[in-house]
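Thank you all for coming.

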Amino acid sequence: MASTTEAPPRKNRVPRRPGDRIFAGVSTGSGVLILVALAGVAVFLVTEAWPALTAPAEDIPGGQGLVFYIWPLLFGTLISAVLALVIAVPLAVAIALFITYYAPRSIAKALGYIIDLLAAVPSIIFGLWGMNVLAPVTVDPASWASEYLGWIPFFAGPPSSTGRTMLVAIIVLAVMVLPIITAVVREAFMQTPQLHEEAALAIGATRWEMIRMAALPFGRSSIIGASMLGLGRALGETMAVAMVLSASAGGITFNLISSDNPPTIAANIALQFPEATGVGIHTLIASGLVLFAITLAVNMIARAVINRRKDFDGAN
Amino acid sequence: MAKRIEVKDLDIYYDKFLAVQGVSMTIQPRSVTALIGPSGCGKSTFLRTLNRMHELVPNARVEGSVVMDDDDLYGANVDPVNVRRQIGMVFQRANPFPTMSIYDNVAAGLKLNNKRLKKSDMDDLVERSLKSANLWEEVKDRLHKPGSGLSGGQQQRLCIARAIAVQPEVLLMDEPCSALDPISTQAIEDLMLELKENYTIVIVTHNMQQAARVSDTTGFFNLQGVGKPGELVEIDETTRIFSTPSQKATEDYISGRFG
């Protein structure tokens, strides 16, 4: 064994000043608090959902068991949120490009504020608007679509006479998630390095070609991340969907314009909870647990995608 | 290829601020013209007006004329996009597109111009451009790897390959070596001497030895005073500028007795 002289333990502790200690304590406390809150919600959901998870199938509302109860709700939640994104994301990217590259500076600023304002509108207002304004407006186009575009599963019909369909819910959700997506994407486009814009222009790119070569590749991961954030919001939206959608339990269908619509998890809880009793309550909470898990997963994926942006910093 | 540029009485404004005043010069084809001068004297600004890149700055404008052979670059119906397809530019910091491969970086300009180029023709053009930029041997085995994985000097040569792939008439270089080590700088300087066989080259540089080494003609820019516009003090054969300049300011600058 080689004999090494033991170095005396080095004493280089930096003296900790009171301000540092207080600040460290406050920020650590806040960090722990958010974890405790999250854990509290998870524990509540699991314990309250437990009776429904263990209950015999015939006790669950509908009488066919928990999976058969939650599956249509989950389907309605996913189809409304995903299709809302399909509408909102291209629109948000186009708006962000317009604000960053095409609009005159004064208009760009005003438009930015208006988009942010849209995010501040309470969801019940969107619900009222969807129910009273948008739904009646869609009745005629929907019957036209079922007649001439009926071969597309989305427009199979028969069209709803009230217009309170999945289609309207999707449009309302799209409008609601538009601001957050636009804001994040616009922020990304504004940070497109001038170096790359100039590189494109110097080889004779037009404005649109420059956007395709420099801005879109640079903003791609932000677009994905923003979409995930929007998806998270659309999945959990309660009031607007509850007001707009005339739901009928058990209707798993891609048909967006009929009156036979699968409800969403959040809206279903809001609508059923006041009258639910016994196992019914636990069943609703179990559906909430499913929504919680999905939303958490979506947000974690969004985080991961946004963090991948760091790879781009290494370039140049 | 390679065209002559005539600049006459060019004033450059940012909004109401006159940045550069009264520049007149003839840039000879198949030669290297170097622009030297202290920081802030407007030589980069002037360079950018030659392919209308200055128009990216809101409210920047010029008065006077820039004529390439017989084409007025600031004519009423001239699209700046077309000007830039004929007058390429290499920047101070190498700026390959980070999300594109080496091959796609070189092909980027080609794809803009002729969308229907055959794959084999495209391969030939990419190879020829990379060879002209003295980069082919170093990257031929990894053409489809990201361009941002190359060294600084290689990235700059990649940018030169990208610029010459579209076969411009003129190549503008804005301090292309200022972020490079001496060996990479040497490689770029050698490349410039080869490229001037086919192109008109204008280079802005802070390195006077570099101007003396690579250029045939040198123009000296200076500020008329604090807050006053920059101007072209004199332009002449490089050997004369560095031995017997006609202006005292030029002599002071090149001999380091500036200010």
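Predicted model: local features only at pLDDT ≥ 70, side-chain atom pairs only at ≥ 80, totals over all residues.

Let me start with B:D69, which is partly exposed at a relative accessible area of 39%; here buried means under 20% relative accessible area, exposed means over 50%, and partly exposed is in between, with a 1.4 Å probe and protein chains only. Residues are numbered from 1 along each chain as its sequence is written, chains are lettered from A and ligands numbered from 1 in the order in which they are written, and side-chain values use heavy atoms, with hydrogens and water left out.

Back to B:D69, then, which sits in the loop between strand 4 (60-68) and strand 5 (71-72) of chain B, where helices (H or I, at least four residues) and strands (E, at least two) are DSSP runs numbered from the N terminus. Although B:D69 is not a glycine, its phi is positive, at about 50 degrees. As background, most residues other than glycine have a negative phi. B:E175, also not a glycine, has a positive phi of about 45 degrees, and its place is in the loop between strand 7 (170-174) and helix 7 of chain B. B:E175, with a relative accessible area of 10%, is buried.

Which residues touch the most other members of the largest nonpolar core? They are B:F46 and B:L50, in a core of 111 residues, a nonpolar core being a set of buried Ala, Val, Leu, Ile, Met, Phe, Trp, Tyr and Cys residues joined through side-chain atoms within 4.5 Å. Helix 2 of chain A gives the largest share of this core, 20 residues. Apart from this core lies another, of 41 residues, which includes B:L130, B:V139, B:A165 and B:Y199. If we set aside residues up to four places away in sequence, B:F46 touches B:V7, B:L10, B:I12, B:V23, B:M25, B:L35 and B:F221, contact meaning heavy atoms within 4.5 Å.

B:I102, in helix 3 (residues 102-113) of chain B, is buried, with a relative accessible area of 0%. Leaving aside neighbours within four places in sequence, its contacts include B:V139, B:R142, B:L143 and B:L158. B:I102 and B:R142 are 40 residues apart along the chain, and their C-alpha atoms are separated by 7.8 Å. B:N222 and B:K196, on the other hand, are 26 residues apart in sequence and 26 Å apart in space, C-alpha to C-alpha.

Let me turn to the meeting of the two chains. How many residues of chain A are in contact with chain B? There are 18, and they contact 27 residues of chain B. About 2000 Å² is buried between chain A and chain B, with carbon and sulfur atoms giving 65% of it; buried area is the accessible area (1.4 Å probe) that two parts lose on being put together, summed over both.

The count between chain A and chain B is 2 salt bridges, a salt bridge being a side-chain nitrogen of Lys or Arg within 4 Å of a carboxyl oxygen of Asp or Glu. B:R85 pairs with A:E209, the closest N and O atoms being 3.5 Å apart, and B:R48 pairs with A:E198 at 2.8 Å, N to O. The latter pair runs from helix 1 (residues 43-50) of chain B to helix 6 (residues 194-202) of chain A. B:R48 counts as buried at 17% relative accessibility, and A:E198 counts as buried at 8%.

Over all chains the count comes to 13 salt bridges. One of them joins B:R213 and B:E189 at 2.7 Å, N to O. B:R213 lies in helix 8 (residues 208-214) and B:E189 in helix 7 (residues 182-195) of chain B, so the pair ties together parts that are 24 residues apart in sequence. B:R213 is partly exposed at 47% relative accessibility, whereas B:E189 is buried at 6%.
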